[in-house]
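Me: I have a few questions about the terms used for this model. Please set each value against its cut-off.

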Amino acid sequence: NNLSIYILVILISSFVLSFLLFSYSMRKWISDPLKLISTILYEEDKQKIEELKRAPGEFSKIGNLFQTYSQHKQELNRAKTRAEQSDKLKTSFLLNLSHEIRTPMNAIMGFTELLKSDSTTEEEKMAYLKMLKDSSSRLFNTINDIVDMSKIETGNIEIFKTSFKI
């Protein structure tokens, strides 16, 4: 009878000890890393990612994946910021370009209309023709600059560096 009680106590103790070891192992090997994963998913905490990388088993590989994901996300955000800045610069450039083209075009169109007038004197016509020539030259130079910029951007122009006196 004492032996039965002794065996029963040993069995119950073994069962309780096994349960405690099992629950500790489950918490250490599975539950805690899963909590870390949950935290990382919601907060993207870099310290938690490092902690997960030190976790046992496959969880360390998941930590590496989270770190890679976090780095890629940062790179994408930087690229997005650069793209937005580039878009703003392009818009500003196009506005400036529009102004640079329209100003001489307005002069060309205006002075052409003035030349058609019968009341325009020869002296005025010569002044208008000079204005037309100047505006045409300015427009031509602007278009050449645009073409040169395009060539530089695509790498189709060779740039020679030389020194000169200002």
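**Helix packing and a loop residue**

Reply: Helices α2 and α3 run roughly antiparallel to each other. The model is predicted, with local features needing pLDDT of at least 70 and side-chain atom pairs pLDDT 80 or more, while totals for chains, interfaces and linings use all residues. Residues are numbered from 1 along each chain as its sequence is written, and side-chain values use heavy atoms, leaving out hydrogens and water.

Me: Why are α2 and α3 called roughly antiparallel?

Reply: Helix α2 (residues 46–53) packs on α3 at an angle of about 150°, the axes being 7 Å apart. Angles under 35 degrees count as roughly parallel, over 145 as roughly antiparallel, 65 to 115 as roughly perpendicular and the rest as oblique. The pair is therefore classed as roughly antiparallel.

Me: Which residues of α2 and α3 meet?

Reply: Contact means heavy atoms within 4.5 Å. Among those that meet are Ile49 and Leu52 in α2, and Phe59, Ile62 and Phe66 in α3. The residues of this contact comprise five nonpolar, six polar and three charged.

Me: What makes glutamate 44 count as partly exposed?

Reply: Glutamate 44 lies in the loop between α1 (2–43) and α2. Buried means under 20% relative accessible area, exposed over 50%, and partly exposed in between (1.4 Å probe, protein chains only). The relative accessibility of glutamate 44 is 33%, so this residue counts as partly exposed.

Me: What is glutamate 44 in contact with, leaving aside its neighbours within four places in sequence?

Reply: Thr39, Tyr69 and Lys73 are its contacts. The C-alpha atoms of glutamate 44 and serine 70 are 7.6 Å apart, with the two residues separated by 26 residues along the chain.

Note on methods:
Axes fitted to C-alpha atoms, helices over the stretch in contact; angles between N-to-C directions. Helix = DSSP H or I, 4+ residues; strand = E, 2+ residues; numbered from the N terminus. Nonpolar A, V, L, I, M, F, W, Y, C, P; charged D, E, K, R; others polar.
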